[in-house]
Amino acid sequence: MTRIGVITFPGSLDDRDAQRAIRLVGAEPVALWHGDHDLHGVDAIVLPGGFSYGDYLRAGAIASHAPIMAEVIDAAGKGVPVLGICNGFQMLSEARLLPGAHTRNAHQQFIRRDQKLRVENASTAWTNEYTEGDEIVIPLKNADGRFVADDETIKRIEGNGQVAFRYVDVNPNGSMNDIAGVSNERGNVVGLMPHPEHATEPGFGPDMPDAMRSGTDGLRFFTSALAALVSR
Amino acid sequence: MPIIVVEVMPKAEILDPQGKAVVGALARLGKDKFTAVRIGKRFELTVEGPVDDALLAEVRAIAEDMLANTVIEDVVYIGEVATSSTSRLA
């Protein structure tokens, strides 16, 4: 059975939800600990949302120096699929595994909404079960979600197809070019601010036109990782 | 014990919503001479023993690796002070 690790940091909030999403697609979730130097041989890694180490320095900054991040950086370099969700995305950019950085939302407020996204790159390890141009709805909840990068970096990632997701209808935090998620050049490392793990089970997802809380648009992140691992 | 100060500012091209909120408040108070406010961070690192070039070089490395995210911030000052939060006011 495919084993996908979920790293718990002090202040992680959505590690259990990520584990649940992994179980729902038929894989085995493996709880990993920030203070270990051990990935327990997992096939893929999820860095979950939350407020690691209180986000006291910058969002994700202290966590990006946690002991286990040495192993995450090494695994990412070897092509292991790594997904950073919200605070996990912030950690991956602080660790320089992903381009850009995050600042306080342009309107200064925490925001929670069911967010529409467009899939811009359907060839990454975490998006290959989508089709380019697909519009999906998954929950978003953050205060430090404004994606920024210098002009040169924006040009490069747009040119390389490293923009994986873009906000549709509403740009909830002032992110440059409406960027909601990015990948590394190789496509095995993906990060996004909205939370696919909160849209994986009917009854607990975002409201959809056909029924309340029925949204499961986030499931394909996890089935994509399984597909990517089979084809490796 | 000596204290090494590290000051970090958001890069000029990065939107600083905190600073924008403050300049807006100043304008509402009639203090309209001020066209912009930007807010940065000051770190005070207390060390044991003397501050030499090697230590300052180590602080610079720490500043650029962790205290600042150089994608969005610049380290604008590193220096030694005698006591915490020494006033530089004239």
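Mentor: Two residues are in contact if their C-beta atoms, placed from the backbone, lie within 7 Å, and with that cut-off in hand we can read this predicted model.

Trainee: Which residues does Ala225(A) touch, not counting residues up to four places away in sequence?

Mentor: With those sequence neighbours set aside, Ala225(A) touches Ile4(A), Ala44(A), Pro81(A), Ala125(A) and Trp126(A). Within the largest nonpolar core, which has 69 residues, Ala225(A) and Ile45(A) touch the most other members. A second, separate core of 7 residues includes Ile4(B), Val6(B), Val8(B) and Leu67(B).

Trainee: How should I read the sheet, and what is the order of its strands in chain A?

Mentor: Strands of a sheet pair through backbone hydrogen bonds, either parallel or antiparallel. Here the open sheet has 9 strands with mixed pairing, in the order β2-β1-β3-β4-β11-β10-β9-β6-β7 of chain A. Its edge strands are β2 (28–33) and β7 (135–142) of chain A, each of which pairs on one side only, and the twist averages 25° from one strand to the next. As one example of a pair, β6 (residues 111–119) and β9 (residues 163–167) of chain A run antiparallel and are joined by 3 bridges, with Arg118(A) standing opposite Arg166(A) in β9(A).

Trainee: Which strands does helix α2 of chain A lie across?

Mentor: Helix α2 (residues 67–77) of chain A lies across β1, β2, β3, β4 and β11 of chain A, and runs at about 125° to β4(A).

Trainee: How many residues of chain B are in contact with chain A?

Mentor: In chain B, 9 residues are in contact with 13 residues of chain A. Helix α1 (residues 17–28) of chain B gives the most to that side of chain B, with 3 residues, and by class the side has 7 nonpolar, 2 polar and no charged residues.

How values were computed: Residues numbered from 1 in each chain as written. Chains lettered and ligands numbered in written order. Predicted model: local features only at pLDDT ≥ 70, side-chain atom pairs only at ≥ 80, totals over all residues. Pairing = 2+ DSSP bridges. Helix = DSSP H or I, 4+ residues; strand = E, 2+ residues; numbered from the N terminus. Axes fitted to C-alpha atoms, helices over the stretch in contact; angles between N-to-C directions. Nonpolar A, V, L, I, M, F, W, Y, C, P; charged D, E, K, R; others polar. Core = buried A, V, L, I, M, F, W, Y, C linked by C-beta atoms within 7 Å. Buried ≥ 20, exposed ≤ 12 C-beta atoms within 10 Å, placed from the backbone.
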